[in-house]
Amino acid sequence: MGKEQSGLLPLKIILQLTLQGRYYEHISGAEAVEAQCKRFEVRASEDGRVLFSADEDEITIGAEKLKVTGTEGAVFGHSVETPHVRAEPSQDLRLESPTRSLIMEAPRGVQVSAAAGDFKATCRKELHLQSTEGEIFLNADSIRLGNLPIGSFSSSPSSSNSRQTVYELCVCPNGKLYLSPAGVGSTCQSSSSICLWS
């Protein structure tokens, strides 16, 4: 068969017989297969449900699972709408923006929970926790603040102790926290070098 007037390559439909005595159709084209119609559907042979359908308005995939096996995954030029995103069993789910920001927004709240593990947030620069109208509530059996700077306080020579184990948590006027060796009274000083140079 030669090329048709439309310039499309001929389409071959081959009916083949399997070892189980069932026939199946094999559709192939030398370089491409093109179908022109108002609506294209692929249905399951058992119950007739639509597995794939396409028209001018939308493409619908009715299979129980859509699996993309390419190394680069799936690329969408615009938004993707779904009520649920999850990883396969025993696999991690990763949301990543390699060169730009990752933004999660919801008008009624964003909830992140780890029922059987840790929750970690790390960054190279500042980590901001901000509530414009409410409060920031920390609820735990113990709260630890690591790597806080330690100030110095010496009201008397005997107050200096290289084996100091108890400290007082102090707050500078600008909100910065630091530790000061605990004494009989408060040892926090607004004139501390930590407050002046922070």
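**Close-up views of the predicted model**

**View 1. The hairpin of E3 and E4 is shown around Gly48.** Six residues lie between the strands of this hairpin, and Gly48 takes a positive phi near 75 degrees. The structure is a predicted model, in which local features need pLDDT of at least 70, side-chain atom pairs count only at pLDDT 80 or more, and totals for chains, interfaces and linings use all residues. Residues are numbered from 1 along each chain as its sequence is written, and side-chain values use heavy atoms, with hydrogens and water left out. Helices (H or I, at least four residues) and strands (E, at least two) are DSSP runs numbered from the N terminus. Strand E3 (residues 40-43) and strand E4 (residues 50-54) run antiparallel and are joined by four bridges; two strands pair if DSSP finds at least two bridges between them. Opposite Val42 stands Phe52 in E4.

**View 2. Strand E4 also pairs with strand E5.** The two strands run antiparallel, with three bridges joining E4 to E5 (residues 59-61). The hairpin that connects E4 to E5 passes through four residues. Thr60 in E5 is the bridge partner of Ser53. In a regular strand, side chains alternate between the two faces of the sheet.

**View 3. Cys170 and Cys188 are joined by a disulfide.** A disulfide is a pair of cysteine sulfur atoms within 2.5 Å, and a search of the whole structure finds two. In the link of Cys170 and Cys188, the S to S distance is 1.9 Å. The link is left-handed, with -80 degrees about the S-S bond. This pair links distant parts of the chain, 18 residues apart: Cys170 belongs to strand E6 (residues 167-171), while Cys188 lies in the loop between E7 and H1. Cys170 is buried because its relative accessible area is 1%, under the 20% limit for buried residues; exposed means over 50%, and partly exposed lies in between (1.4 Å probe, protein chains only). Cys188 counts as partly exposed, because its relative accessibility is 31%.

**View 4. A second disulfide is formed by Cys172 and Cys195.** The sulfur atoms of Cys172 and Cys195 are 2.0 Å apart. The torsion about their S-S bond is about -80 degrees, so the disulfide is left-handed. Distant parts of the chain are linked by this pair, with Cys172 in the loop between E6 and E7 and Cys195 in helix H1, 23 residues apart. Both Cys172 and Cys195 are buried. When the bonded cysteines of the protein are numbered in sequence order, the pairing is 1-3, 2-4.

**View 5. Thr187 is shown with Ser180 and Pro181.** Thr187 lies in the loop between strand E7 (177-181) and helix H1 (193-196). Thr187 is buried because its relative accessible area is 3%. A polar atom of the Thr187 side chain lies 2.8 Å from the backbone oxygen of Pro181. The side chain of Thr187 also makes a polar contact (2.8 Å) with the side chain of Ser180. A polar contact is a pair of N or O atoms within 3.5 Å; within protein, one atom must be able to donate a hydrogen and the other to accept it, and residues adjacent in sequence count only if both atoms are side-chain atoms. Ser180 is placed in strand E7, and Ser180 is buried because its relative accessible area is 1%.

**View 6. Cys37 and Cys123 are shown for their accessibility.** Cys37 counts as partly exposed because its relative accessibility is 49%. Cys123 is partly exposed because its relative accessible area is 41%.
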